Amino acid sequence: MRTELTVAEWAHYAAEGYLRLGKVLADDELAALQQRIDDIMLGKASTDYDRILMQLDRIPGQTDAPGPQTKGHKGATLRYRKIQDLEFDPLFLAYMQKPLFRHLCARTYGAQTEVACLRAMFMNKPAREGTVLVWHQDRWTHLDRDPLITIWTALDPATKANGCVEIIPGAHHRLINPEHNSGFLTDEQSADLLRNNERVYLELAAGEAVLLHNYLPHGSGVNSTDSPRRAFSVCYMDAATRAYNGEHYSLIFGEGALS
Ligand SMILES: O=C(O)CCC(=O)C(=O)O
């Protein structure tokens with residue numbers, strides 16, 4: 001697998017705010033991550049469940065909204081929406097520390113800068129379920145600086161039908177709703193954005209990834225198919241980033257990084 005981007009790829013990323021990285025997982029690595037995340041959901045993994053956030057998805061016809069975003073296992077089911085803190089899982093951590101991702105971080109934050117992850121999360125649209133994620137930019141007001149990049153990896157084929165990520169290419173140069181504490185756009189701002197710009201559905205094969213600028217407006221729909229849409233999303237930031245709420249973040253690249 002390659003470990004760097006070309007000059008032309010960086011130019012595309014700068015102009016459009018995203019870049020398809022192609023296949024970043026060998027078939028056996030992909031199968032291992034798929035198995036691991038299912039094992040975590042089903043309560044079969046030898047993971048410290050008290051350390052990871054696990055949120056159940058809504059169940060159509062039964063619950064209106066996803067469950068609380070709190071630590072700990074919530075039952076043996078594949079109907080989870082989000083599982084976060086996966087940097088504490090050795091398999092997911094090894095993936096996050098791939099040389100290509102180190103290169104992307106070094107280029108973004110500087111070769112000597114240590115890098116932490118704001119979040120390393122499984123994002124799932126269970127079969128025939130899923131929750132709409134409204135248009136937003138990945139920006140949080142509780143941090144003293146803005147994280148700049150996210151790498152989103154498809155663990156299943158991501159398609160329009162199963163709720164792949166949708167983006168507005170080139171719209172990453174400014175914050176649209178800077179007052180919102182996690183970058184969500186108002187209905188009016190979203191409608192404006194869609195009226196005046198082209199929307200791209202980021203359809204990916206399983207094992208492919210995309211680099212996203214954190215200001216790139218994005219969202220996703222529900223899954224209308226009989227198979228899950230599993231994905232892994234990691235936001236990498238300068239390790240010097242501080243949270244006003246005292247939260248601490250794991251070091252991914254640099255001296256003393258998780259291993
Ligand atoms: O996986 C999704 O549907 C959206 C994920 C997302 O918003 C993110 O990774 O920042």
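Biologist: Why is arginine 128 called partly exposed?

Modeller: Its relative accessibility is 49%. Buried means under 20%, exposed over 50%. The value for arginine 128 falls in between, so the label is partly exposed. Bear in mind that this is a predicted model.

Biologist: Where is arginine 128, and what is its phi?

Modeller: Arginine 128 sits in the loop between β5 and β6 (133-136). Its phi is near 60°, a positive value in a residue other than glycine.

Biologist: Aspartate 85 has a positive phi as well. What is the value?

Modeller: Near 80°, and aspartate 85 is not glycine either. This residue belongs to the loop between β4 and α3 (90-96).

Biologist: Why is aspartate 85 called buried?

Modeller: Its relative accessible area is 13%. The cut-off for buried is under 20%. Aspartate 85 is under that cut-off, so it counts as buried.

Biologist: And leucine 78: what makes it partly exposed?

Modeller: A relative accessible area of 42%. Buried would need under 20%, exposed over 50%.

Biologist: Where is leucine 78, and which residues does it contact?

Modeller: Leucine 78 lies in the loop between β3 (70-71) and β4 (80-84). Beyond its neighbours within four places in sequence, leucine 78 contacts Asp38, Met41, Leu42, Asn124 and Pro126. Contact here means heavy atoms within 4.5 Å.

Biologist: How do you know that the chain as a whole agrees with a compact globule?

Modeller: By its radius of gyration, which is 17 Å. A compact globule of 259 residues would have a value near 18 Å, so the two agree. Buried residues make up 53% of the chain.

Biologist: What makes up the largest nonpolar core?

Modeller: This core has 53 residues. Those with the most contacts inside it are Leu21, Ile83, Phe101, Leu104 and Tyr236. Strand β5 (residues 115-125) gives the most to this core, with six residues. Apart from it lies another core, of 14 residues, including Tyr18 and Val165.

Biologist: Which residues does leucine 21 touch, sequence neighbours within four places aside?

Modeller: Arg2, Leu5, Phe101, Leu104, Ile151, Ala209, Val210 and Leu211.

Biologist: How much of the contact in the chain joins residues 24 or more positions apart?

Modeller: Such pairs account for 83% of the contacts with a separation of 6 or more.

How values were computed
Residues are numbered from 1 along each chain as its sequence is written. This is a predicted model: local features need pLDDT of at least 70, side-chain atom pairs count only at pLDDT 80 or more; totals for chains, interfaces and linings use all residues. Side-chain values use heavy atoms; hydrogens and water are left out. The radius of gyration is taken over C-alpha atoms; the globule rule is 2.2 Å times the number of residues to the power 0.38. Buried means under 20% relative accessible area, exposed over 50%, partly exposed in between (1.4 Å probe, protein chains only). A nonpolar core is a set of buried Ala, Val, Leu, Ile, Met, Phe, Trp, Tyr and Cys residues joined through side-chain atoms within 4.5 Å. Helices (H or I, at least four residues) and strands (E, at least two) are DSSP runs, numbered from the N terminus.
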